[in-house]
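Please look at the sequence and the 3D structure that follow, and then read the report on helix packing and nonpolar cores.

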Amino acid sequence: MLHQSHQSPQFITGTILVADDQGANRELLEELLTTQGFKVISVPDGATALLELTRAQVDLVLSDVMMPDMTGFEVCERIKANPDTYLTPVILITALSDKQDRIEGIRVGADDFLSRPVDRTELLARVRSLVKLKMRTDELERAESVLFTLARSIEGKDPYTHGHCERLSDYSTRLGQHLGLPEDQIIALRRAGVVHDVGKIAVPDSILLKPGPLAQGEWKLIYEHPVVGERICSPLKSFRLVLPIIRHHHEKFDGSGYPDKLRGEAIPVAARVLQIVDVYDALTTDRPYKQAFSITDALHTMKQEVAKNWWDPRIFDQFERLVRSGTADFLAQGATAGR
C-alpha cells in the first residue's frame, strides 16, 4: 500500500531493481517508479535479483526483507560483499519495526530503510537521493578508469615492463595484508600499484626506453615523475591515501631517495611496502640492461640493499618470509624461479 502525496518532479532517473515475493507490491512499486522516469527490473526472489545484477547496470536495489529462501538481509550482504556491486545502493523494505532488524540491516550494509506501508513521497525522496549518489560514484569510477588506462598505456610503451602494474597491485596488496595494514591502506596499495608511475607521461620515450646510462638532465626528469604523478591524481578525493604512495615510492630509508629525501619511518608505510615489491619485480623480470634474476638472487640482492639502509628492514624481513614460506607463488609470476 502506498500513501499518495504531491511531489515536485526532479530530473533524476536510473535503473531500479525491485525484489519482492508479493506480486502486488512489485506492481505498485513498478508503477510509481516508471511514472517518475525510472526503468524498473522486477523480480520475485533474492536469487533472481543477484542474477539480474550480473546482467544489467543497476543504479539501486529495492528489496523486501521477508522473502522465502533468501531474505533481503542475505541479498544485501551478498551485494555488498561483491566487488562488482558493493557500491550499488540497497534500500530494504520491511513491515518489521523491531530495532534488532534495523541493526541487522546496518550490519549487512543497507544504505537505507523503508517501512510498510510505504509512503510515496518518502520512497521517491530516498530513491532519488541514493541514485544521485550512485551517479557521482559512477563519475568517480570513470575518472579512476581513465587514470588506470593512462598508467597502462605508459607501461605498454616498454615491452620489458608488460604486466608490471598488475603485478605491483597484486604484490603490494598481499604484502600489506600480510603486515596487517588497515583495509583503507590495502585499497590504496591496490590502486597505487597501477598508477604509481603515471607521472612518467611527462618523461620522453627517448629517456624511458634508453638502453644505456642516463645523462644528468635526463635523470632530473626521472626524479620529477613521482611529483607529476601526485599532481595528476590529486583531483580525485578517493585517492587521498594513494597520493603519498605515488610521491614517496622512490624514497630510501637512509634519506638518499627522491623527491623529498625522507628518512626512515617518515616515509609512509604504504610507500615502503610498494617500493619493496617494486624493486623485487624489477629484479625478477627482464630489463634492457639485465636478465631476470632468480627469486633467490633477487632476495640476496635486496638483502644487500637493506644492509645499505635503502629499504625498511622490518618490511623486507616479512616480505622475505612471505616469499620463502611457499604461500606466495604469485610472486613467481615475473621471476625465473628456482635457480
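Contact here means that heavy atoms lie within 4.5 Å. This is a predicted model, in which local features need pLDDT of at least 70 and side-chain atom pairs count only at pLDDT 80 or more, while totals for chains, interfaces and linings use all residues. Residues are numbered from 1 along each chain as its sequence is written, and side-chain values use heavy atoms, with hydrogens and water left out.

Threonine 15 is placed in strand β2 (residues 15-19), where helices (H or I, at least four residues) and strands (E, at least two) are DSSP runs numbered from the N terminus. Because its relative accessibility is 12%, threonine 15 counts as buried, a word that means under 20% relative accessible area, with exposed over 50% and partly exposed in between (1.4 Å probe, protein chains only). Not counting residues up to four places away in sequence, threonine 15 touches Lys39, Ile41, Gln57, Val58, Asp59 and Leu60.

Two packed helices are described by the angle between their axes and the distance between the axes. Axes are lines fitted to C-alpha atoms, for helices over the stretch in contact, and angles run from 0 to 180 degrees between N-to-C directions.

| Helix pair | Angle | Axes |
|---|---|---|
| α7 (residues 183-195) and α11 (residues 269-283) | roughly 45° | within 10 Å |
| α6 and α11 | about 130° | 9 Å apart |

The helices α7 and α11 are therefore oblique to each other, and α6 and α11 are likewise oblique; angles under 35 degrees count as roughly parallel, over 145 as roughly antiparallel, 65 to 115 as roughly perpendicular and the rest as oblique. In the pair of α6 and α11, His164, Arg167, Leu168, Tyr171, Ser172, Leu175 and Gly176 of α6 meet Val273, Leu274, Ile276, Val277, Asp278, Tyr280 and Asp281 of α11.

A nonpolar core is a set of buried Ala, Val, Leu, Ile, Met, Phe, Trp, Tyr and Cys residues joined through side-chain atoms within 4.5 Å. The largest such core has 43 residues, and those with the most contacts inside it are Leu175, Val195, Cys233, Phe239, Ile276, Met302 and Phe319. Helix α11 gives the most to this core, with eight residues. Leaving aside its neighbours within four places in sequence, valine 195 is in contact with Leu147, Phe148, Ala151, Cys233, Phe239, Val242 and Ile246.
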